[in-house]
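This briefing is intended to be read alongside the sequence and the structure. It sets out selected local features, grouped by topic.

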Amino acid sequence: MNILISNDDGVFAPGILAAKQSVEDLGNIVVVAPDRNNSSVGRRLTLFKHLKIEQCKLDDESPAYSLSGSPADCVVVGANYIMDQKPDLVICGINQGVNISCDITSSGTVCAALEAVSLGIPAIAVSLFVDPETSYKQDENGEWYVDYDFSLTKKVLHNLVLKIKNEGFPEEVDLFNLNVPSNYECEEVEITHLSHKMLEKDVIDNTENEKAEIFSYPLDENQNSDDLIMIVSDLVKQYPEGSDGYALFIEKRPSLTPLNADMTFKDLNSFK
């Protein structure tokens, strides 16, 4: 089994190494990922512009490729240029965050998987939801850091890929969207549908007192805060039972959502 792995957090993010380690016993692995963070870029493609590609090594000294492009670019380059033959599976992740609901169309992780589907390759997008209440820790010097515990995510991803290797994808399923909570209460995977949305979005300016700390992020050179605005977001709190958000946040268990790239509404006669 030939597997292409990419992500949107960048080639040196810990999640891509965790993804590689979780499936390296199941096939031949090639890693192609952006040279920097590309979160929330959706399915952006770099067409008719030069891209820089470099060989590099992950933290375990295994080989990888770094690309000066988007996650979708990495899938195209990996599948059509770097690999000797088209991969049997593309894995995007492990994303350090959460990708659920109809908001997945803005996710670089999920949209890289969609790009794979457009090339005729089944795909898995996988994310680790880092619970801020349990994952932010302090070292002996009092410095804060994020504890990315990929152990359950690696286990679930390995089992999923093994099942796909043995049985193939279910009929009419193009890709799986897998989300695993770091602070889980149940290891059993729930098959879910997409929630309506994941984020409540708002726009603030320098008059917003409650979010003044966010708005005061360092400005680019020659910028004046008087004429700037910022889009901010918060996670939705309510999710319907059976949805990805309900499994992830309410039941605190892994959510697996089977998706089809054809977004056509099937009952076309209802519009006649």
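The buried residues of helix H1 are Gly 15, Ile 16, Leu 17, Ala 18, Ala 19, Lys 20, Ser 22 and Val 23. The model is a predicted one. Since eight of the ten H1 residues are buried, the helix is largely enclosed by the rest of the structure.

**Packing of H1**

- The elements covering the buried residues of H1 include strand S1 (2-6), S2, S5 and H5.
- Helix H1 spans residues 14-23 and packs against helix H5, residues 151-167, at an angle of about 45 degrees, the two axes being 8 Å apart.
- The crossing of H1 past H5 is right-handed.
- On the H1 side, the contact is made by Ala 18, Ala 19, Gln 21, Ser 22 and Val 23. On the H5 side, Lys 154, Leu 157, His 158 and Val 161 take part.
- Sorted by class, this contact of H1 with H5 comprises five nonpolar, three polar and one charged residues.

**The buried serine, Ser 70**

- Ser 70 is located in the loop between strand S4 (63-67) and helix H2 (71-82).
- Ser 70 counts as buried because its relative accessibility is 0%, and the cut-off for burial is under 20%.
- A polar atom of the Ser 70 side chain lies 2.5 Å from the backbone oxygen of Arg 44.
- Leaving aside residues up to four places away in sequence, Ser 70 touches Pro 34, Asn 38, Arg 44, Leu 45 and Thr 46.

**Backbone geometry**

- Most residues other than glycine have a negative phi, and most peptide bonds are trans. The following sites depart from that pattern.
- Phe 48 is not a glycine, yet has a positive phi of about 55 degrees. Phe 48 is found in the loop between strand S2 (28-34) and strand S3 (53-57), and its relative accessibility of 88% means that it counts as exposed.
- Glu 172, also not a glycine, has a positive phi of about 70 degrees. Glu 172 is placed in the loop between H5 and strand S9 (175-181), and counts as exposed at 63% relative accessibility.
- The peptide bond running from Gly 93 to Ile 94 is cis, with omega near 5 degrees. Ile 94 belongs to strand S5, residues 89-96, and S5 is also among the elements that cover the buried residues of H1.

- With a relative accessible area of 42%, Asp 262 is partly exposed.
- The side chains of Asp 262 and Thr 264 are joined by a polar contact of 2.6 Å.
- Asp 262 and Glu 172 are 90 residues apart along the chain, and their C-alpha atoms are separated by 9.5 Å.

Definitions and conventions. Residues numbered from 1 in each chain as written. Predicted model: local features only at pLDDT ≥ 70, side-chain atom pairs only at ≥ 80, totals over all residues. Heavy atoms only, no water. Buried < 20%, exposed > 50% of the residue type's maximum accessible area, 1.4 Å probe, protein only. Polar contact = N/O pair within 3.5 Å; in protein donor to acceptor, adjacent residues only side chain to side chain. Axes fitted to C-alpha atoms, helices over the stretch in contact; angles between N-to-C directions. Helix = DSSP H or I, 4+ residues; strand = E, 2+ residues; numbered from the N terminus. Left-handed = near helix turned anticlockwise from the far one by under 90°. Contact = heavy atoms within 4.5 Å. Nonpolar A, V, L, I, M, F, W, Y, C, P; charged D, E, K, R; others polar.
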